[in-house]
Amino acid sequence: MDPNEWGDMLAGVFSPLAFALAFIAIIIQARELKEQRNEVAKTNDNMEKQRFETTFFSLFSALERSLRDIDLQSSEHGMTVGRDCFRVFYTRLNKDYRKRLDAGHSDNLSLELSYRFFWNKHQLELSQYFRILESILRCIGRRPTEEREPYYELVRYNFSDQELLLTFYHAISDEGKPLREYAKTAKLFEPLSTVRLLDFSHSQKIDPMAFGSNPMRDRHDYKNPAARDGLSDD
């Protein structure tokens, strides 16, 4: 066999092999590039989550500070500070609401007027608190749906009873429209003690989604009169 024939034979053998090796190299390179892109995406996701958590916990701390900064001075209660103020707030709202009912106003009008009066009186103490709460819920809402619940839960179960009750009445008022939508997404009132509402029918003034898995108990669910008597709004 002359050299040309040997060359043709070797070319016929090695050309497909060279092509196969080149193809394999391309596949390996493509996989490496894909892995690199995945690593970059994962790194970006981690950085984004870190930025979110930094913002979230900063806002959460700001909410706690705004809560501590609230103080009330009255002859009836003396000096009240921080979260305890919400007990006073809710008692005042309750008394004004009952007074308007006793005066013959309808429930809707009594609620509207009593909260408007309450807000005009206490807006200075509470406006920053509710703005920060809205910012927290908006911040969480920007995360992927599957990642939100732990942060929503942290917010929900940080409230005292009266704090959550007052937040509910703010959310269903004209002043609380932004909070109302966030409350639905966050199931904000899942831990709300609905037996402590000024009237159970008020629970219908917001999307049911805002209550999540709340059992939605009314005072009438408690057949024991002593138990009902213990559910004072004061």
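Helices (H or I, at least four residues) and strands (E, at least two) are taken as DSSP runs, numbered from the N terminus. The structure is a predicted model, in which local features need pLDDT of at least 70 and side-chain atom pairs count only at pLDDT 80 or more, whereas totals for chains, interfaces and linings use all residues. Residues are numbered from 1 along each chain as its sequence is written, and side-chain values use heavy atoms, with hydrogens and water left out.

The chain comprises 7 helices and 2 strands, arranged along the sequence in the pattern α-β-β-α-α-α-α-α-α. Of its 234 residues, 36% are buried (under 20% relative accessible area, 1.4 Å probe, protein chains only). Among contacts (heavy atoms within 4.5 Å) with a separation of 6 or more, 60% join residues 24 or more positions apart.

Pockets were identified on a 1 Å grid over the protein atoms alone, as open sets of points where a 1.4 Å probe fits, with protein on both sides within 12 Å along at least five of seven lines; lining residues have an atom within 4 Å of a point. The largest pocket holds about 230 Å³ of space. Helix H3 (residues 107-141) gives the most to its lining, with 5 residues. Residues lining this pocket include Tyr115, Arg116, Tyr169, Asp174 and Lys205.

The second largest pocket has a volume of about 160 Å³. Of its 12 lining residues, Arg92, Leu93, Asp96, Phe117 and Lys121 lie nearest the centre. Helices H2 (85-102) and H3 are the elements that each contribute two or more residues to this lining.

Technical notes
Buried < 20%, exposed > 50% of the residue type's maximum accessible area, 1.4 Å probe, protein only. Points joined across faces, edges and corners; volume = space filled by probe spheres on them.
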